[in-house]
Amino acid sequence: MFQATGEAPGTSGYINITNMKGGKVGFANEDNDGHFAATFVKSVVEMPYNISVIQISHILTSPAAEAPVAAPSDLNVTTLMAKQGCKAFSDLLKSHSDVSKTFAENVQSGLTAFCPSDGVINSFMPKFKNLTKDGQSSLLLYHGIPVYNSMGMLKSNNGLMNTLATEGHNKYDFTVQNDGDDVTLKTKVVTATISGTLYDEEPLSVYKIDKVLLPRELFKGTVAEEPAPAPKGSKKKKKAKKGDDVEEDGAPETSPEDDEDPADESANLNWATSVKSTGWLVTVVLSIICVAVV
């Protein structure tokens, strides 16, 4: 059907029309191994010796007739981010060539990327600069999932997600979870919310988030993991040598008996002596009475 242009290879464009059983007429394109993909339905227009139009049951396709489609690898992740409010994060990716290469290589097989907005990245830069080079790469890779996820898929597939930084014993994962109509990304350190969609067409989706994703492997013990401070005035005890209790400041702990006033001890001693003397006097008196009675 398009052989007249001289550009169709081989038998591409040739249509096989065959009478079939039951009075049906089948149609097949020759470069599809002669498989009858359609049958005659009805005549639409008949103009003898000039043109006729008929209706068939299915479309006849040909690989040679398909328009060229841009390869997924032609999608530039950093360019998409930079044009839609994530230029600071895009610049960080480009400054780490190995990281930007990893993002680009995963586009073809499927990639979900999360980019913090420019204001968020600018505030985070002091902490980012304190990381080692490997730590910086891991943090950036932590913002990508090696699988395509539409917004609907993220909402229906809650749970742990491996990231581009996941390797060996370093899990570098986070949890996707619905929070009402929002979708949140929970690490062990921080919880970020998806605030917008920059691109969503298979095999690539890019979402804007309101916080930098902090992996536990790099930020263990910070932010959300910090324990609440102990109430003022409370002191923990440490065991000293031979079971003696001491306070944290190193001073030996005093017992309630040690806190008593020495004057109290003297008073107690005098009272005991008085009682003892009185008892002796009573004994003498009783002895005299007994002798008198006898």
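By class, the residues around the largest pocket comprise six charged, four nonpolar and three polar members; here Asp, Glu, Lys and Arg count as charged, Ala, Val, Leu, Ile, Met, Phe, Trp, Tyr, Cys and Pro as nonpolar, and the others, Gly among them, as polar. The structure is a predicted model, in which local features need pLDDT of at least 70 and side-chain atom pairs count only at pLDDT 80 or more, whereas totals for chains, interfaces and linings use all residues. Residues are numbered from 1 along each chain as its sequence is written, and side-chain values use heavy atoms, with hydrogens and water left out.

The lining of the largest pocket has 13 residues, and Lys171, Asp173, Lys188, Arg216 and Glu217 lie nearest the centre. A pocket is an open set of points on a 1 Å grid over the protein atoms alone, where a 1.4 Å probe fits and protein lies on both sides within 12 Å along at least five of seven lines; lining residues have an atom within 4 Å of a point. Strand E8 (173-179) and helix H7 (216-219) are the elements that give two or more residues to this lining, and E8 supplies the largest share, three residues. Helices (H or I, at least four residues) and strands (E, at least two) are DSSP runs numbered from the N terminus. The space in the largest pocket is about 220 Å³, a volume being the space filled by probe spheres set on the points, which are joined across faces, edges and corners.

Next comes the second largest pocket, at about 160 Å³. Helix H5 (residues 133-141) gives the most to its lining, four residues. Among the lining residues are Asp98, Asp134, Glu167, Asn170 and Tyr172. The classes here are four nonpolar, four polar and three charged.

Turning to the cysteines, the whole structure contains one disulfide, defined as a pair of cysteine sulfur atoms within 2.5 Å. Cys86 and Cys115 form this bond, with an S to S distance of 2.4 Å. Cys86 sits in the loop between helix H1 (77-82) and helix H2 (87-95), while Cys115 belongs to strand E5 (residues 111-116), so that the pair, 29 residues apart, links distant parts of the chain. The disulfide is right-handed because the torsion about its S-S bond is about 65°. Both Cys86 and Cys115 are buried, meaning under 20% relative accessible area (1.4 Å probe, protein chains only).

As for the chain overall, eight helices and 13 strands are present, and 27% of the 294 residues are buried.

Definitions and conventions. Buried < 20%, exposed > 50% of the residue type's maximum accessible area, 1.4 Å probe, protein only.
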